[in-house]
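The following exercises are to be worked with the sequence and the structure in view. Each task is followed by a solution in steps.

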2 protein chains.
Amino acid sequence: MSTSDRITLEHGSGGALSRQLTEELIYPILKNEAYGELSDATAFEIQGRVFITTDTYVVDPPFFPGGDIGTLGVFGTCNDLAVCGARPRYLTMGLVLEEGFPTSDLKRVLESVRRAADRSRVQVITGDTKVVPSGKGGGIFMNTTGVGEALGNHLLSAKNIKSGDKVLISGPIGSHGLAILAAREGLKIAACLSSDCAALFPLCSALYSLGKDLRFMRDATRGGAAAVLNEAVGGNCECGLEILETAFPVPTAVAAASDLLGLNPMEIANEGVFIAMVAPAAADKAISLLRSFDTGREACQIGAVDSRYPGKVILETAVGGRRILDLPRGLLLPRIC
Amino acid sequence: MSTSDRITLEHGSGGALSRQLTEELIYPILKNEAYGELSDATAFEIQGRVFITTDTYVVDPPFFPGGDIGTLGVFGTCNDLAVCGARPRYLTMGLVLEEGFPTSDLKRVLESVRRAADRSRVQVITGDTKVVPSGKGGGIFMNTTGVGEALGNHLLSAKNIKSGDKVLISGPIGSHGLAILAAREGLKIAACLSSDCAALFPLCSALYSLGKDLRFMRDATRGGAAAVLNEAVGGNCECGLEILETAFPVPTAVAAASDLLGLNPMEIANEGVFIAMVAPAAADKAISLLRSFDTGREACQIGAVDSRYPGKVILETAVGGRRILDLPRGLLLPRIC
């Protein structure tokens, strides 16, 4: 008996074929010393404060230039921990496969999970696989829940920001969202773009060494930089942000494609970019720390915290005007992560 | 601006409508002191060994007699922790909604999550919501990842079992799977059945007090009792199981419906039943502990561990024959949990 070419409903039944899929395909690729035997729950120990985060990935298509749903499932969830000042340690993986999904594609995704996990020094320690009938799923959906240990006692929060703090971005924006769109719709205009999907922990932990001068970090995924900037000051009655549009690093291909498609690069999802807010005196140090990493080589300041605009993000535009940069509205790109 | 009647793609965009759905609908229902603010990751502390488990629920239909996908998402995941000898503490929740899903149904599911979590004394501490286009999802899928703290140092495992140990079942089998099937297909034959969906932690923690006499517990979900019994001895070269078919508590309606549908109650999924293996001397005590709970009032012994059949489950059938009870094969009921 060998695993069939395509996933069938019986692979999700809990019977012999489920067992075979797990034992012969999934577990051999993912197993590690912390996931020593197949079981529904796994034990681990972490001293002190534990961080937990969860994300379900529904990206369409599951394979795209620069990565796939497996890469994304590992880096994306680990990044959510890293920006909190936590070292990612363990992941769980919940798969929802659509009947007919090619088994070879599943293998490819799992190999990406393994590679990304090894690079991130995290271990997948338990999982679950469901199968839904053809027409009731999207090929493959993947939930990863990540557990990390606090790097220190300093809690990062947008509540820490003060007027005068500097707003930094770790790298160029817009590549992930446009690469997905190009792969899905066959757009030649953005065919040269690759997702920026990357592990942010090394950069985040370098900034964490700044201590209390580091106020807050957040990765700019769904909703892009615009969403993160707004969420940082959304509930804040004392501070707002003044952001300089021309300061953002935007790859030429992203600028050209966004222009033609009527998209705003600041609203496009990234998977390897975060925004950090730091004390004024620490800004130069923070930028040079970020630039010491390949992923952060274009890190720069994009603005400052400003008490004149409580709760608002004010954008100084390329043509010299000023307007409110709001949370993105209207139909954005679906199934981007 | 108010949340619309149906979920739209924009609710999953990461922009203004995503924020609104989370802030106005999801968070107010789920918030608790451990989930004090909306963020991508949440911190907690647990002393000692931590257990983690993950499950994605794709049950069709999402509402059924005896519960819904929200009840299942909480009890199911907490039960996976409970049978490991862990007290469920925290849950994460990842939703995948299909465009067009009624917002009122989402509210109803979330209220079930809250009620089941309160009853189980667990807290939802972080979450994620994605929306997929119509035709690419199944209405609502829900991943819950559960974190629990070890009840003690004794690690439960099928590796602990010894010849002569007794095999117990906590309650009557088959109701959940048939209730879902009846609700999905409109089968009048099983219309009187309700899911047995229930929290097993109180029963499991009572058995944990038996110490090393408690060898192993596992809830009999997908694949039913047949799958659990086989998985317990699957990799075991020293022991097998001898199981008495007539010992299983089977509700009359389950027996009748299974008979007509050609299903084996031992292969049907349950959501409030587990199997425990205990030292011979502790069997009576274990049964009386289980029976002190309403969910366990029909608990009984169904067989024993036997060194004559290494790795096998031998079933003594109702008509007095003996056969191997194997892992379920062939198309079982899809989307049952």
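A residue is called buried under 20% relative accessible area, exposed over 50%, and partly exposed in between (1.4 Å probe, protein chains only). This is a predicted model, in which local features need pLDDT of at least 70 and side-chain atom pairs count only at pLDDT 80 or more, while totals for chains, interfaces and linings use all residues. Residues are numbered from 1 along each chain as its sequence is written, chains are lettered from A and ligands numbered from 1 in the order in which they are written, and side-chain values use heavy atoms, with hydrogens and water left out.

**Exercise 1.** State how many of the residues of H4(A) are buried, and against which elements they pack.

*Solution.* Step one: eight of the eleven residues of H4(A) are buried, and the helix is mostly covered. Step two: the buried residues include A:His176, A:Leu178 and A:Ile180. Step three: their packing partners in chain A are strand S3 (63–64), helix H2 (69–82) and H7. Step four: just after H4(A), A:Gly186 has a positive phi of about 65 degrees.

**Exercise 2.** Characterise the interface of chain B and chain A.

*Solution.* Step one: 68 residues of chain B contact 68 residues of chain A. Step two: the chains bury about 5500 Å² between them, with 59% of it on carbon and sulfur atoms; buried area is the accessible area (1.4 Å probe) that two parts lose on being put together, summed over both. On the side of chain B, the most area is lost by B:Asp40, B:Ile52 and B:Arg222, together 12% of what that side buries. Step three: six salt bridges are counted between the chains, each a side-chain nitrogen of Lys or Arg within 4 Å of a carboxyl oxygen of Asp or Glu. A:Glu231 forms a salt bridge with B:Arg19, with the closest N and O atoms 3.5 Å apart.

Technical notes: Contact means heavy atoms within 4.5 Å. Helices (H or I, at least four residues) and strands (E, at least two) are DSSP runs, numbered from the N terminus.
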